[in-house]
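Have the sequence and the 3D view at hand as you read.

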Amino acid sequence: MCSDFNNSISMLIPVFNAGNELLKILKSLENIHELGEIIVINDYSDKINKSFLDSISINKVRVIENTQSKGISGALNSGIKAAIFEYIGRIDSGDICKDKNRFKKIIDIFSSNKEFNLICSSLITGKNKIVNPRLHYVSNILSPFSKVPHPTWVFKRELINYQYRCDTYRFEDYAFLIENKAKIFILPTVD
């Protein structure tokens, strides 16, 4: 495991009954130096087992059981609590990382610019459609017309004043951004 607290990322992967898609995600995150750890948060499912994980030859992976309320919000909160590095990323089950170089760029941006506490980028959907981030503010508050693709998020630990809310089904990410007053930088890359 990488030991540079200020230059490493804890990558969170909340999963429920994950199978081959988890293996695809982990393989897409393989050999990224800036990822100090990859935390798979098992959200009360039964399909993640030790033999499955032993078949994966990535030494930065650790699995934790969701210790908070069941659901993605609880899983993300458990992952944040378990994360040991200054920067925290998230990727969902079924997503993959295509641009392995973006993590170095993200750390460089965080190191040189103290104004931002969350960085995202564009993403490519399974149907090869590009989804670009858009930030719209109303009275300095991020509006619901904004797009901040969460599979590309990396944020500073200092962003977190409030955990993910378990009562915000389907808009937990937006509530997290609003309540924590995220200062977002859009990295001009597609992942």
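## Ground rules

This is a predicted model: local features need pLDDT of at least 70, side-chain atom pairs count only at pLDDT 80 or more, and totals for chains, interfaces and linings use all residues. Residues are numbered from 1 along each chain as its sequence is written, and side-chain values use heavy atoms, with hydrogens and water left out.

Helices (H or I, at least four residues) and strands (E, at least two) are DSSP runs, numbered from the N terminus. Buried means under 20% relative accessible area, exposed means over 50%, and partly exposed lies in between (1.4 Å probe, protein chains only).

## Helix α4 and its buried side

Start with helix α4, which spans residues 102-112. Its buried residues are R102, F103, I106, I107, I109 and F110. They cover an arc of only 160° around the axis, so they sit on the same side of α4. The arc is that of the directions from the helix axis to the C-beta atoms. An α-helix has 3.6 residues a turn, so residues three or four places apart point the same way.

What do the buried residues of α4 pack against? Their partners are the strands β1 (9-15), β2 (35-42), β4 (87-90), β5 (118-124), β9 (154-156) and β10 (184-190). Contact means heavy atoms within 4.5 Å.

Now zoom in on F103. This residue lies in helix α4. F103 counts as buried, at 0% relative accessibility. Leave aside its neighbours within four places in sequence, and F103 is in contact with I9, M11, I32, E34, L35, C97 and V154. Take I32 as one case. I32 and F103 are 71 residues apart along the chain, yet their C-alpha atoms are separated by 7.9 Å.

## Salt bridges

A salt bridge is a side-chain nitrogen of Lys or Arg within 4 Å of a carboxyl oxygen of Asp or Glu. By this rule, the count comes to 8 salt bridges. The table shows some of them, including two that share R90.

| Pair | N to O distance |
|---|---|
| E37 and R62 | 2.8 Å |
| R90 and D92 | 2.5 Å |
| D173 and R90 | 2.3 Å |

Look at E37 and R62, which form a salt bridge. This pair links distant parts of the chain: E37 is in strand β2, R62 is in strand β3 (residues 61-65), and they are 25 residues apart. R62 is partly exposed, at 27%.

Next comes the R90 group. The side chains of D173 and R90 meet in a salt bridge. D173 lies in helix α5 (residues 172-179) and R90 in strand β4, so the pair ties together parts that are 83 residues apart in sequence. R90 also forms a salt bridge with D92. Together, R90, D92 and D173 are linked in a network of salt bridges. Both R90 and D92 are buried. The relative accessibility of R90 is 1%. D173 counts as buried too, at 11%.

## Cysteines

A disulfide is a covalent bond between the sulfur atoms of two cysteines. Here it is called when a pair of cysteine sulfur atoms lies within 2.5 Å. By this rule the count comes to 0 disulfides. C120 is in no disulfide: the nearest cysteine sulfur, that of C97, is 14 Å away. C120 is buried, with a relative accessible area of 1%. C166 is partly exposed, at 45%.

## A nonpolar patch

Turn to the surface. I124, I130 and V190 form a nonpolar patch there, with about 200 Å² of accessible area together. Patches are made of residues with over 30% relative accessible area and no salt bridge; like charges are joined within 9 Å, nonpolar side chains (Val, Leu, Ile, Met, Phe, Trp, Tyr) within 5 Å. Accessible areas come from the Shrake-Rupley method with a 1.4 Å probe; for residues, only the protein chains shown count as cover. One member, I130, is found in strand β6 (residues 130-131). I130 is partly exposed, at 43% relative accessible area.

## Two positive phi angles

N31 lies in the loop between α1 (20-28) and β2, and counts as exposed at 74% relative accessibility. For N140, phi is near 65°, a positive value in a residue other than glycine. N140 is in the loop between β7 (137-138) and β8 (141-142). N140 is exposed, with a relative accessible area of 76%.
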